[in-house]
Amino acid sequence: MGLTLTWLSVIILIPLAGLFLKTLELSPDQFWGILTSRRTLNALKISFGLAFAAACVNLVMGTIIVWALVRYRFPGRRLFDAVVDIPFALPTAVAGVALTALFAQKGLLGAPLAELGIKVAFTPIGIFVAMIFIGIPFVVRTVQPVLIDLDVEIEEAAASLGANRWHTVAKVILPSLIPALLTGFALAFARAVGEYGSVIFIAGNLPNVSEIAPLLIVIRLSEFRYADATAIAVVMLVASFLIIFTVNRLQRWAQTRIPVH
Amino acid sequence: MNQSQLALASVTRSDLRTEPKLVRAAIIAVAVIFLTVFVILPLVVVFAQAFSKGVGAYFSALSDPEALSAIRLTLYVAAISVSLNLVFGLVAAWAIAKFDFPGKTFLISLIDLPFSVSPVISGLIFVLLFGAQGYWGPWLQSHGIHVLFAVPGIALATTFVTFPFVARALIPLMQEQGTQEEEAAISLGASGLQTFFRVTLPNIKWGVLYGVLLCNARAMGEFGAVSVVSGHIRGETNTMPLLVEILYNEYQFVSSFAIASLLAMLALITLIAKAVLERHLDEDQRPRGD
């Protein structure tokens, strides 16, 4: 017990306290000034906005992938099930250089896209693509066990009572997946907001256009503007606290909502 | 009911539970294309780029002194972080699973925290503590101790980032197993340590391996946090992921992707080992039930 708390304080609590203490050295005006400067605001907008959009894509695509993996049998199903975990396991820097090579103008996918007039690498679309990559396992792995455990008898009951397939899916199956879907969405969103390694290679990193908030923290640190770095970090930290809190509430809601069988 | 009626009944029954053929095909196609484009192709690109100038160039890139020093540092840092977090994870999971105390939920949230913090922020907090303008930086500097831009800082940041893995793997396992076996051992006269090594540890060995596996994979691959505290001193404080970045920015693509391919192989081996361990974990949990 004592050892747990000591170790926890040494590795987690003291460093975090340091971050908040550093913020207290700033006057409220300074703090506000840093956060509302054009470059900071744009970086936060890019990180949060694109992470939200990517999490939305992951929500839809994740649901489709889970449905295919759980409900259907097709050749290579087990392989595709296994590759879902790759974004979890692949070091972010490796993912970053690989996605950039793939979507660069001469890349395997970048070249045909360029002919269509779509430039992915070194634009905000590149950030969006990297965030989709990093977030997809969160939705799939959160929803998959719930869909597997779903009682088929409920579906049969709905069908035998005259509901057609669309009604059964929309009114019976999807509602019971909602807590898991929202949890997966929140986890994917949180991860994408803070993501650094897989994004910075493909982003282009143009201030105000394709510069994410974590990169701005790194830039401020390298300029020894510790106060600026700290202020941005505190905002992001509070946001991730809120997201964890929401996820925990969602999971408690899911437990009380779905009858245990 | 005759045979054909029975067959008809079973057909309609399964039809009610699935979608029309066209919809099924479309859903499978979308899932397969999405996973191929976003997950499989990036992985293939790593190896294609690494071998784009032939096998000779690949191996000469890997035997470069800078590459070797990065590989050594990565192994060294991972060994430190994994062993620290193994000891902590065992103790924390033991405390959380086998005892009740106030603030337990809060403790669990704290353990999870490094998962949801941006890796850059994980690095930043150590800069604020140990940097030249940080809280302890000046004192450390006057005593000649280097933490930031040196190996201790890299090890600390990596330990922070990989903190939850072992504890997270063990808490549910130990909670499910309960305390009966330990109580039996103690009532039969075993000491605390004996109980831990002879009863608890054998019960959770697959869980421990599972936690160590994931912890190690992240420790070797960590980029953001390490990048902030390392200072990028060539041949000294560059881990493998940092060297991937540096070589890439210098347009040394074959060398960069050669190192990246080692990390990608680590990820693939980790995933395979994880699947094997998951099977063992399922077996461990089944006979125990509730």
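This is a predicted model: local features need pLDDT of at least 70, side-chain atom pairs count only at pLDDT 80 or more; totals for chains, interfaces and linings use all residues.
Start with the interface between the two chains. Chain A puts 66 residues into the contact and chain B puts in 63. On the chain A side, the biggest contributor is helix α1 (residues 2-24), which supplies 11 residues. Sorted by class, the chain A side that touches chain B comes out at 54 nonpolar, seven polar and five charged residues.

Helix α6 of chain A (residues 92-103) meets helix α2 of chain B (residues 21-50), with axes that come within 8 Å and cross at roughly 90 degrees. An angle between 65 and 115 degrees counts as roughly perpendicular, and so α6(A) and α2(B) are roughly perpendicular to each other. From α6(A), the residues involved are A:V94, A:A95, A:A98, A:L99, A:A101 and A:L102. Facing them from α2(B) are B:L41, B:P42, B:L43, B:V45, B:V46 and B:Q49. By class this contact holds 11 nonpolar residues, one polar residue and no charged ones.

Chain B itself splits into domain 1 (1-50) and domain 2 (54-285). Taken over C-alpha atoms, the centres of these two domains of chain B are 38 Å apart. Five residues of domain 1 and eight residues of domain 2 make up the contact between them.

The crossing of α4(B) past α9(B) is right-handed. Residues on the α4(B) side include B:N85, B:L86, B:G89, B:L90 and B:W94, while those on the α9(B) side include B:F165, B:V166, B:L170 and B:M174. The class breakdown for this contact is 13 nonpolar, three polar and one charged.

Back in chain A, A:L35 sits in helix α2 (residues 28-35). Leaving aside residues up to four places away in sequence, A:L35 touches A:T40, A:A231 and A:V235.

Two asparagines in chain A have backbone angles to flag. A:N205 is a residue other than glycine, yet its phi is positive, near 55 degrees. A:N208 is not a glycine either, and its phi is also positive, at about 70 degrees. A:N205 is in the loop between α11 (197-203) and α12 (213-222) of chain A, and A:N208 is in the loop between α11 and α12 too. As for their surroundings, A:N205 has 17 C-beta neighbours inside 10 Å and therefore counts as partly exposed. A:N208 has 12 such neighbours inside 10 Å, and a residue with 12 or fewer is exposed, so A:N208 counts as exposed.

Terms used: Residues are numbered from 1 along each chain as its sequence is written. Chains are lettered from A and ligands numbered from 1 in the order in which they are written. Axes are lines fitted to C-alpha atoms, for helices over the stretch in contact, and angles run from 0 to 180 degrees between N-to-C directions. Helices (H or I, at least four residues) and strands (E, at least two) are DSSP runs, numbered from the N terminus. Angles under 35 degrees count as roughly parallel, over 145 as roughly antiparallel, 65 to 115 as roughly perpendicular and the rest as oblique. Two residues are in contact if their C-beta atoms, placed from the backbone, lie within 7 Å. Ala, Val, Leu, Ile, Met, Phe, Trp, Tyr, Cys and Pro count as nonpolar, Asp, Glu, Lys and Arg as charged, and the others, Gly among them, as polar. Domain bounds come from an automatic or database domain assignment. A crossing is left-handed if the near helix is turned anticlockwise from the far one by less than a right angle, and right-handed if clockwise. A residue is buried if 20 or more other C-beta atoms lie within 10 Å of its own, exposed if 12 or fewer, and partly exposed in between; C-beta atoms are placed from the backbone.
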